[in-house]
Structures are given as C-alpha cells and as structure tokens.
Amino acid sequence: MHRPARRIAALCCCTLLVLAGCNRAAAPAPAAATPPAAGADNDAAQARRIEADVRFLADDLLEGRETATRGFDLAALYVAERLRALGAEPAGENGGYFQNVPLLRAQRLDGGGELRIERATGTVALKFRDEFLPQLDFASGQNQVTAPAAFVGQAVFAPELEQDDFTGIDLRGKIAVFFNGAPKRFDHDRRAFYSGYREKLAAVAQRGAIGAVIVATDDEEKRSPWARGALNWDKPGMRLRDADGRALDTFPQLRVVANVAAARAAAVLDAGDHDTGALFRQARDGKLRGYDLPGTLSLSARNTLQPAQSRNVVGRLPGRDPALRGEHVAFTAHLDHLGIGAPVKGDAIYNGALDNALGVAVMLEAARQLADSAAPRKRSLLFVALTGEEKGLLGAHWFADHPSPPGAKLVANVNMDMPVLLAPTTDVIPIGVEHSSLQTVLTRAAAQTGVTLSPDPLPEESIFIRSDQYAFIRNGVPAVYLIGGLTGSEAAKRQFGEFLRGEYHRPGDDVSQPIQYADAARLARLNARIGEAIAGQAQRPAWNAGDFFGEKFAKGAKP
C-alpha cells in the first residue's frame, strides 16, 4: 500500500495548483448574469477550499499520517505551504515553519509479555493480546515484576471530595490493580481530571507501587470492545524524549503496567467474598472499596525502543500593538492520525478524514480569513498543526512547554479536533468554554456568525482532557475545544452516534462520508471571529474565579 514518492509529489503539486486557483480573484460575470446573493459565492469558495484540503490530507497516498512517518511529513509540508500561501509568516525553528519534536518510539513484540496470577488454588496465565496487553516500556524496552497485589478501586485520591481509594491499603512493593474512571458523584471537571491515566499512575507510584494492572469493566466493553482495540496491538507508541534520550512523562518505578480485558476481570479480582460482578456494580454506584489480593501477580513486557522525530507546523500573523504583540493566541488542530493498521473490510489505511483532516482544514480557512481581516489585531495569532495527538497529545505538550517562536507568551488556545459534520446542523459545541472569559468571546462571535452554542452532549466522556487543549490547560492557558453541532436535522445525532460506534479510529473515516463542507465553512468563520475578538480586546482571557482547572494549573502559567 506504499505508493511511489513521485506520485505523492505529483498529487501534492496538483492540489497546490488547485488551491492557488481558488485564491485568485473570480473572473467578472457576464453583464446579463444575475448577481449571486450577498456572501453566497464567498461561502461556497470557503467550503471548496476546506474540501480540497481534506481530500488531500485524507488521501490514501498519505497513508494515514501516522506520527514520524513519510505520510505525516508530507502532510506537514503541505500545511506549511498552505500557511505560506495565505500570508502567515514562519514561526518555527531556524526561520521555517517547523518545530522539531523529539520522540521515543516503542513497539510490542508478538508474545512480548506475560501476566500470571499465582494463588493457593493454582496458577492462571492470561493470553497475550486476547486477554491482556502490557503497556509499552519506555525505560529499557523490557522489564518484569512479581509481587503481591492490591485492588484500589479507581485509584482516585481527591481529599476535597472526601474520596480516598487507598484507605487501609499499603501499596509499598505491590502491584496496584484498578478500574478506569472516577466516581459519578464528582462534578464533570473533577471527574475528567481524576479519570486521567497520568493522575492514576502518579497516585499509585507515589504510594510505593512497583507495577500496575488496569482492568476493563463490562461498561467499557460495551462502549469499546477489547477485540476491536486489540486488532492493532502492534501499533507503535511514543513518548517525548529529553536531551539525554530518556522518555518524559513516564513512571519508571512502575516496572510493568498492563491492561486486562473485562472478560478476564474475574481471574484477577475474584477472591474471598469479592466478586467481579459486584465490583462492576459498585463502580457504577461509586461504592468501591480496596482490598489486598491473595497470592502474587507476575508481569512482564518486551518491546523495541528507538529514537524518532516528528514536527509541529507553526505559522503566525503578528500583532500590531508593540505592547501586546508578544502575547499569542494559539489555534491548534492535530495533523496526525493512525497510519496503516489492521484491515477492516479489506482497507488498512486509517485516513482520518474527520479526525482530524477536517479540523486542520477549518483552521487553515480561519487563518486565511484572519490574514485578510481589517479588524484591529493587537495580539499575535499562531496556527499550529500538531503532531502526536493520537500518541498522547505529544506535539501539544511539547509546544505548550516550548512555545514557538521562542519567548512567545501563550494567552489562549482554540483547538479543533474531529468536528463530526455528517448532517446539516445549526450549532457548535464549545467544550470547556464555561471555565474562562472565553465564554463571553464565543457568545459574541457566535451571534456574529449566526451560530447557536450547545452544551457538551457527553460530559461523562471527559473529552475536555482528551484532546490537545489539555496540554495548554496544564500550562495554565485558558482554552476551548470546538466540535461540530448536533441540532438542525434529525440525522445529525444519529450519524454522530453511528460514526463513534462504527468509523471512529477505523479505515471508514475517509472522504466517502457525507461531510458537510458548508457547515465546516461556518465553523471556520466562527474561529475567525474568535481570533479577531481575542487579538483585539484590551484584556487577555482569564480563568473564572474559583474554576477547578484555573486553580489547579494557573500557578504554573508562564509570566
């Protein structure tokens, strides 16, 4: 499925020529022709430009744009040239549009790991891939641990909510076993935060655990079947790499971390009067209690490990106020997807048309409109196509920690990821807008563009921490994450659900879907109005008083 490089280059050149044609002034209409309705031709041109970008970025020739692959590098070059053409100046390294992102790449070996449960009743070994998978070891490429274990609920320590899943459990020298998620009684913000893998692994490591096992629940199995995820068991994973070549944001004291399918939860958790079915019910009700598990668990992991490198693409429209041009509003959209994987219906290319070629195309169209805008622009605007989102928000974390151009002060982030626009809608869903003064900005911008703002339809999914905006939030930067709407047609909600169940992270997310490019153009116009407002107002965006994320992370904001 790898195509010759010259065919890729030819398609890129042809697409750039088409886009250049879209940017030329339209030929005068014949005198006798009836002029189009005001704005109609412009709206159609916006939709055509977005469609052209999506069709190129989601083409099979880019092979799914996996991070640190030839397909991704071609997509990055394409976006850089689009930013150049629309008038954004280079804001990457060495006077160019690219910011290098150092990575470590790990890949499981077939049969590269084991999970054994040894108790007085006998030894049970789970099957690699079918029943468990070790997470990748970014420290040495291989490790093992045998130790007693303890179940610690959902591994949540939230004293402000009187939740301590570690009560009565000594984890020192043990393997921590836990479920995903957080108690339903938590408000959405804290539930999102405490559901994060990073927080859970940090919590068990701080308490002396030397390994971890995350057991899926029956509810998770219904939402995301183990067998479907295990199809791509051999896909590489990545972490950011420091100057010494070591992985960042890992917990090496946890020698092995593994995931277990819900179907085999009983093998790990059933002991004495503790029954897995009851534990699943207690997880739903928020009534889990920890307990020591009998016997020992033996875990091992083996994978390849090698350095890799990818890049973010960064363009800038400089501000015009000498006092404020050093403050930057970062518009972001991740450029990567999943690459080539397990075939589904004979197709092995995971094109990522909605996730997230469409988001990148919307960002580029917003950038073009902002470049042409006569509105006062005090602050600078950055447009960043990020790498490594599918690998753990890696490009976003690198950029938030190392803003480009160097010295840029980030004051707001507007992120676009996977706008599911498969049926006509009249609204937009701004995830996380209620946390900061960005809510006032978006309300005004929505009114200007004739868009209704709708609340998060799935707050329990905690998507505010699952896309690139979370890297900026963790650095104290107010952010909002825009996705497509769900109102305006009977088909919108149905097709949204069908996409999540059937095509999300599958080869079917391609340009054959009924993508509503007119709605995408409206979303780009909304982004442009947001950019004008933030760049032009006297005050920078601020967290709301008492906001959970603001209080949690604003202290780490760079001055």
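Predicted model: local features only at pLDDT ≥ 70, side-chain atom pairs only at ≥ 80, totals over all residues.
Where is the place of N356? It is in helix α10, residues 353-372. Keep that residue in mind.

Every value you hear from me is computed.

Let's start with the backbone. Most residues other than glycine have a negative phi, and most peptide bonds are trans. So I looked at places that depart from that pattern.

Back to N356. The peptide bond from D355 to N356 is cis. Its omega is near 10°. And N356, remember, sits in α10.

Next, a proline. The peptide bond from S404 to P405 is cis as well, with omega near 5°. P405 is in a loop. On one side of that loop is α11, residues 394-401, and on the other is β17, residues 409-416.

Now phi. A155 is not a glycine, yet its phi is positive, at about 55°. You will find A155 in the loop between β5, residues 142-151, and β6, residues 157-158. Is A155 buried or exposed? It counts as buried, because its relative accessibility is 3%, and the cut-off for buried is under 20%.

D249 is another case. Its phi is near 55°, again positive in a residue other than glycine. D249 also belongs to a loop, the one between β10 (237-240) and β11 (256-260).

On to the strands. β2 covers residues 98-119, and β3 covers residues 122-125. How do they pair? In the antiparallel sense, over four bridges. A hairpin of two residues takes the chain from β2 to β3. To see the pairing on screen, find I117. Opposite I117 stands V124, in β3.

Last topic: a pocket. I mean the second largest one. How many residues line the second largest pocket? There are 19. Nearest its centre lie I431, G432, E434, D456 and P459.

Which elements supply this lining? α4, residues 188-195, and β18, residues 427-431, each give at least two residues. α4 has the largest share, with three.

To recap. The cis bonds I showed run from D355 to N356 and from S404 to P405. Positive phi values turn up at A155 and D249. β2 and β3 pair in the antiparallel sense. And 19 residues line the second largest pocket. Thank you.

How values were computed
Residues numbered from 1 in each chain as written. Heavy atoms only, no water. 1 Å grid on protein atoms, 1.4 Å probe; cavity = no way out; pocket = protein on both sides within 12 Å on 5 of 7 lines; lining within 4 Å. Pairing = 2+ DSSP bridges. Buried < 20%, exposed > 50% of the residue type's maximum accessible area, 1.4 Å probe, protein only.
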